Amino acid sequence: MIIPPIIHIVLWKHSSARAVIEKDVYRWTEVVAPPRLNLSLTANFIWLITDRRLMEFRSLFYYRIASSKKFLAQILLPLAQFLLKPRDTLIIETPSVGSGLVIKHGANTIIQAEKIGENCMIFQDVTIGYKNPGGGLPVLGDHVHVSTGAKVLGPIRIGDYAIVAVNSVITKDMPDHSTGGGVPARVILQAGVTDI
Amino acid sequence: MFRTIKSLPPIILFKRAFVHPIIKADVKRWVEILKPDRFAKPVTVNFVWLLQAQPAFRNLFYYRIGQYSSLLGKTMLWLAKLLYPPMETLGFAMPKIGPGFFIEYGFVTIIGAESIGENCWVNAGVTIGYRNQSGIPVIGNNVYVGAGAKVLGPIHVGDNVIIGANAVVLRDVPANCTVAGVPARIIKRDGVRVRESLSARKAS
């Protein structure tokens, strides 16, 4: 049980995405267990990577390692994935994901965005992808909150600090600081002002 | 080398299957959608690649070949399922599915239709099945079911229908329509934007 975290720590410290993963660890600790914030980053990393209830963190970690093009990472990654399995119902196929992405309960979560900003939060049963097969993909800004069951589809832009409501289907742009909900979704709150 | 040995049981099942042409049509459609540049390769090579890369395809394959009564068939099926385990959260309940059926990812997908036509497409998070134990849907050809949609009850969905993401379809859908919303409304008919509610009477 000692060996797996050592391989993962080597991968983390060696990778070119080291600083990004440090921010991820800090943010996950902040969201999942704030009392642990006074512990060291490495201790929190070991806890996050070995806890079976937080397999989404492993998926995110392997995604970060796979996108860093170092030789050692390419060799050790399959071994690491074999020792500590990632969440199999979570798919991240995004060219660039900002630091501090938190994925809660990654059951049936498909993230196929063009770009995701910093400190976003994505819940279970979410699909971010194309509207028509082969179509464009969404761009998510910073601090976006995508709630349970929401579908964000098509070549659209979700603004910074936007909130996507539960079970909504977003197919149009959302401005910054807005809340969108419904099927099909419309903006129901704009910077704290109700707009119905 | 190892992959060749590993893929022998499913290849034998595939080659000897009674429904060989249907599985062949499935393989062609999956490859056409996922990796069109692989389309020129032989069907068996693509079949092995799909088993390796797409767990949802394994479920479809095991559903297609069905049960075996002979000892050899049972052993081969057991070996195939051991080497290529199917997805747990993708279920088929007594449907008749036409050739060219595509499942994207297949997480939490339950397909319990009475029959499904040719070249249909089902996304993740879809439920097709009972509503108050009254009956199950009949689905036509070339139907696209978006992510998270629910199609419930003894209804008939026509050909070339697109069901939008997170829609809840409880009534008959005529052919060549796009439906979306909770409960589902027609938002497009024959390529023209409309806003009609679905009628309670039978469309056929």
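This is a predicted model: local features need pLDDT of at least 70, side-chain atom pairs count only at pLDDT 80 or more; totals for chains, interfaces and linings use all residues.
A nonpolar core is a set of buried Ala, Val, Leu, Ile, Met, Phe, Trp, Tyr and Cys residues joined through C-beta atoms within 7 Å.

**Entry 1: the core.** The largest nonpolar core has 104 residues. I looked up which of them have the most contacts inside this core, and found B:Ile163, B:Val169 and B:Val179. Helix 4 of chain A gives the most to the core, with 6 residues.

Entry 2: Next I picked B:Val169. What does B:Val169 touch, leaving aside its neighbours within four places in sequence? I listed B:Ala149, B:Val151, B:Ile155, B:Ile163, B:Val179 and B:Ala184.

**Entry 3: hairpins in chain B.** I followed B:Val179 into its strand pairing. B:Val179 has B:Ile186, in strand 15 of chain B, as its bridge partner. Strand 14 (residues 177-180) and strand 15 (residues 185-189) of chain B run antiparallel and are joined by 4 bridges. Their hairpin has 4 residues between the strands, and there B:Gly181 takes a positive phi near 100 degrees.

I then moved on from B:Ile186. In strand 16 of chain B, B:Ile186 has B:Glu196 as its bridge partner. Strand 15 and strand 16 (residues 192-197) of chain B also pair in the antiparallel sense, over 4 bridges. This second hairpin has 2 residues between the strands, and B:Asp190 takes a positive phi near 50 degrees.

**Entry 4: the sheet in chain A.** I turned to chain A and found an open sheet of 5 strands, in the order 1-4-7-10-13, with parallel pairing. Which strands stand at the edges? They are strand 1 (90-92) and strand 13 (169-170) of chain A. Each has a single partner strand, so one side of each is left without a neighbour in the sheet. Inside the order, I checked strand 4 (residues 109-111) and strand 7 (residues 127-129) of chain A, which pair over 2 bridges. A:Ile111 stands opposite A:Ile128 in strand 7.

**Entry 5: two domains in chain A.** The domain assignment gives chain A domain 1 (3-83) and domain 2 (90-194). Their C-alpha centres lie 24 Å apart. The contact takes 10 residues from domain 1 and 9 residues from domain 2 of chain A. Which element gives the most to the domain 1 side? I found helix 2 of chain A, with 6 residues. I sorted the residues of that side into 5 nonpolar, 1 polar and 4 charged.

**Entry 6: chain to chain.** Last, I looked at where the chains meet. In this contact, 14 residues of chain A touch 15 residues of chain B. The chain A side divides into 7 nonpolar, 5 polar and 2 charged residues.

Notes:
Residues are numbered from 1 along each chain as its sequence is written. Chains are lettered from A and ligands numbered from 1 in the order in which they are written. Domain bounds come from an automatic or database domain assignment. Two residues are in contact if their C-beta atoms, placed from the backbone, lie within 7 Å. Ala, Val, Leu, Ile, Met, Phe, Trp, Tyr, Cys and Pro count as nonpolar, Asp, Glu, Lys and Arg as charged, and the others, Gly among them, as polar. A residue is buried if 20 or more other C-beta atoms lie within 10 Å of its own, exposed if 12 or fewer, and partly exposed in between; C-beta atoms are placed from the backbone. Two strands pair if DSSP finds at least two bridges between them.
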